[in-house]
Each structure stands twice: as structure tokens, then as C-alpha cells.
Amino acid sequence: MNTNPLFGPSWDLNRWTDSDDRVRGGSSVSELVPSTDGVFFRGNLDIETLGGAGFASQRTVGQDEIWDLAGNDGIELDVVPLDGKRYTFSLTDEIPERRRDGREQSALVWEYDFCASDAGTTVRIHWKDLRATYRGRQVENARPLDLSRIRRFRIMARR
């Protein structure tokens with residue numbers, strides 16, 4: 001099993017971008033801020049603009065990078081347990097097509113929810129605990145995630 005860090009402790013923030021609800025008319029914002037031990041995920045989750053829902057997220061960028069995680073039984077996130085909010089980690093094995101307006105279409109993603117207050121310092125996510133979703137809604141009987149071709153990672157706060 002591979003135990004090498006995928007992104008830290010020295011993160012290349014050029015490999016990440018915001019993907020907030022502003023793409024749907026919301027006003028949430030997020031950013032990754034470098035620290036000596038990795039990054040802080042920080043921002044403002046606005047649930048008023050979109051009528052009680054919203055999301056603020058950071059995701060990997062690029063069209064060419066592929067991570068092969070097939071030899072692993074899961075992934076670990078080192079988390080500072082401080083705010084008690086619910087977060088979602090997700091990954092996908094596809095890069096969606098672009099729409100005419102330049103934005104990406106939605107893709108099938110696999111998600112795992114956790115709270116920073118009860119996570120301790122390590123959140124261990126087993127592949128079997130991921131749930132397939134499309135635009136935040138669970139997809140029953142989804143195709144299997146291709147762990148040998150992971151194309152994108154995301155960390156999100158939402159409601």
C-alpha cells in the first residue's frame with residue numbers, strides 16, 4: 001500500500017482552484033491558505049443567496065493528471081479538528097466536457113462526509129464508504145469508480 005502524500009506537506013496551490021456556488025448565482029467563496037503543515041481551507045459559506053443551500057469548495061485543476069490509487073484501500077486526510085462543521089471530500093475518474101459558456105458540465109463523483117470536530121487528526125476514508133453522487137444527489141447502482149484513473153479531488157463545505 002502506498003503511504004506517500006498526494007499533496008502535502010508542501011502544497012502547490014497552482015494545482016487547485018475554487019469551485020464555489022457562484023457558478024450557480026450564489027455568493028460563497030473559498031480559498032486554500034498555505035501553512036507550515038499544509039493548507040487551511042477557508043472561506044464563507046453563504047446559504048441565503050440560493051434560498052437555504054450553498055457550497056464552497058476547492059478542487060484540483062488540469063486535464064492531464066491521473067492518480068493511480070488502485071493499490072490502496074482508501075485515503076487519509078490530516079485534519080485540524082477545530083470548527084465542528086461538516087465537510088465533504090470527493091473524487092472522480094472523469095473530467096467533464098465543457099459547455100458552450102466555458103463552464104464544465106457535471107460529472108459522477110464519489111463523496112465522503114465528515115465533521116472536523118469529531119475527526120481527530122486523521123480522517124480515514126475507505127473506498128467502500130464513498131457514495132456515488134451527481135450534482136450532490138446520490139446515484140443508486142452507479143458504475144464502479146476507476147481507482148486507477150482518478151482525475152480530480154475536491155474538498156467542500158456545503159448545506
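Are W67 and F153 buried or exposed? Both W67 and F153 are buried, where buried means under 20% relative accessible area, exposed over 50%, and partly exposed in between (1.4 Å probe, protein chains only).

## Ground rules

This is a predicted model, so local features need pLDDT of at least 70 and side-chain atom pairs count only at pLDDT 80 or more, while totals for chains, interfaces and linings use all residues. Residues are numbered from 1 along each chain as its sequence is written, and side-chain values use heavy atoms, with hydrogens and water left out.

## The sheet and a hairpin

Let's start with the strands (DSSP runs of E, at least two residues, numbered from the N terminus). Seven of them make an open sheet in the order β1-β4-β11-β6-β7-β9-β10, with antiparallel pairing; two strands pair if DSSP finds at least two bridges between them. At the edges sit β1 (16-18) and β10, each pairing on one side only. Inside that order, β7 (residues 108-115) and β9 (residues 131-134) run antiparallel and are joined by four bridges, with L108 partnered by Y134 in β9.

Then there's β2 (residues 29-35), which pairs with β3 (residues 38-44) in the antiparallel sense over seven bridges. A two-residue hairpin connects β2 to β3, and S30 stands opposite G43 in β3.

## Aromatic pairs

The whole structure has nine aromatic pairs. For these, rings of Phe, Tyr and Trp (its six-membered ring) must have centres within 6.5 Å; planes under 30 degrees apart are stacked, over 60 edge-to-face, and the rest tilted. F7 and W16 make an edge-to-face pair, 5.0 Å centre to centre with 70 degrees between the planes. F7 is buried at 13% relative accessible area, and W16 is buried at 11%.

W67 and F153 are also edge-to-face, at 4.9 Å and 75 degrees. That pair links distant parts of the chain: W67 is in the loop between β4 (55-60) and β5 (74-78), while F153 is in strand β11, 86 residues away. Ring pairs gather F7, W11, W16, W67, F89 and F153 into a cluster.

## R151, buried without a salt bridge

R151 lies in the loop between β10 (137-138) and β11 (152-158). R151 is buried but has no salt bridge, and the nearest side chain of opposite charge, D64, is 5.5 Å away. Here Lys and Arg count as positive and Asp and Glu as negative, with His and the chain ends not counted; a salt bridge needs a side-chain nitrogen of Lys or Arg within 4 Å of a carboxyl oxygen of Asp or Glu. A polar atom of the R151 side chain does lie 3.4 Å from the backbone oxygen of E65. Contacts of R151 (heavy atoms within 4.5 Å) include W67, T92 and I95.

## Salt bridges elsewhere

A search of the whole structure turns up 14 salt bridges. One joins R22 to D20, with the closest N and O atoms 2.7 Å apart; R22 is partly exposed at 40%, whereas D20 is buried at 2%.

R124 bridges to E76 at 3.9 Å. R124 lies in strand β8 and E76 in strand β5, so this pair ties together parts 48 residues apart in sequence. R124 is partly exposed at 26%, and E76 is partly exposed at 49%.

D113 and R158 meet at 4.0 Å, N to O, linking strand β7 with strand β11 across 45 residues. Salt bridges with shared partners join R86, E111, D113, R131 and R158 into one network.

Technical notes: Polar contact = N/O pair within 3.5 Å; in protein donor to acceptor, adjacent residues only side chain to side chain. Lists of a residue's contacts leave out its neighbours within four places in sequence.
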